[in-house]
Amino acid sequence: MHFVRAHTLDPNPRAYGLIDQCADHWHFDTSQDWSKSRDGVANALGGGHSHIGAMIYLGDNWPAEYRGHFFTLNQHGRRANEEILERMGSGYVAKHGADTLIAADPWFRGIEITCGPDGGVYVADWSDTGECHDATGVHRTSGRIFRITHGEAAKPAIGDVRALPAHELVNLHAHRNEWFARQARLELTARATDGRGVEGAAGMLHGLLEKGDDVVLKLRALWTLYCIGATDDAFLTAQLRHPNEHVR
């Protein structure tokens, strides 16, 4: 796939119908050269043109109003841009929210943002004077990891996910923190792959898919069923007639 680029031409001159971004805004003045978005010039627009890392917050520590919002690190703006995803036709449009994670340190170079088991958000900071096109040498010992929580995050009651029996891994699919649902899927997939077995997991997952009206739970179950090899063409084809559009 080929996407519209903010400041360069597509390398393939024969590319047709370039895919535009789903956001309805830019984080810098596109009438100016991208390099002029540095040093706070584009702060009012969101910080600048360069974005690294992505997270949709699905944890259980931050306030509810952040859940489902998209966050990406803005390198020149030394912040995380917050985007609010809204339905538009068959897809979504991203609306610029308030940028709340702003670093005062001029060396801040955020490169990854993710949610952890405590519901807090972890940001990997390259912490350097340069940027992505730096040619003057890179500091390799100054990187940092920030943990961002709303108040004091509670220690997860669940310990090592890998030690849980299969039925408890299935139960984790209903956890409010998406991190646990994903780890449960990874562990069940690993067991199915190396032949350790996933005792009764497929039946329980089918139950989650077929009962109730929580579409998030249905999708988590469907993805895990596929990962552990518990689906076939007939089953998947039948889901194309499912009453819920997201399952279809």
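I take helices (H or I, at least four residues) and strands (E, at least two) as DSSP runs, numbered from the N terminus. The model is predicted, so I hold local features to pLDDT of at least 70 and side-chain atom pairs to pLDDT 80 or more, while totals for chains, interfaces and linings use all residues. Numbering runs from 1 along each chain as its sequence is written, and side-chain values use heavy atoms, with hydrogens and water left out.

**Helix α4**

I checked the length of α4 (residues 215-227) first. Its 13 residues should span 18 Å at 1.5 Å a residue, and the end C-alpha atoms are 18 Å apart, which agrees; the expected span is 1.5 Å times one less than the number of residues.

At the start of α4, I found a side-chain oxygen of aspartate 214 within 3.1 Å of the backbone nitrogen of valine 216. Just after α4, glycine 229 has a positive phi of about 75°.

Which residues of α4 are buried? I list Leu217, Lys218, Leu219, Arg220, Ala221, Leu222, Thr224 and Leu225, with buried meaning under 20% relative accessible area (1.4 Å probe, protein chains only). The buried residues of α4 pack against α2 (178-194), α3 (201-210) and α5 (233-239), where contact means heavy atoms within 4.5 Å.

**Lining of the largest pocket**

I noted that α4 gives the most to this lining, with 5 residues.

Key. Buried < 20%, exposed > 50% of the residue type's maximum accessible area, 1.4 Å probe, protein only. Polar contact = N/O pair within 3.5 Å; in protein donor to acceptor, adjacent residues only side chain to side chain.
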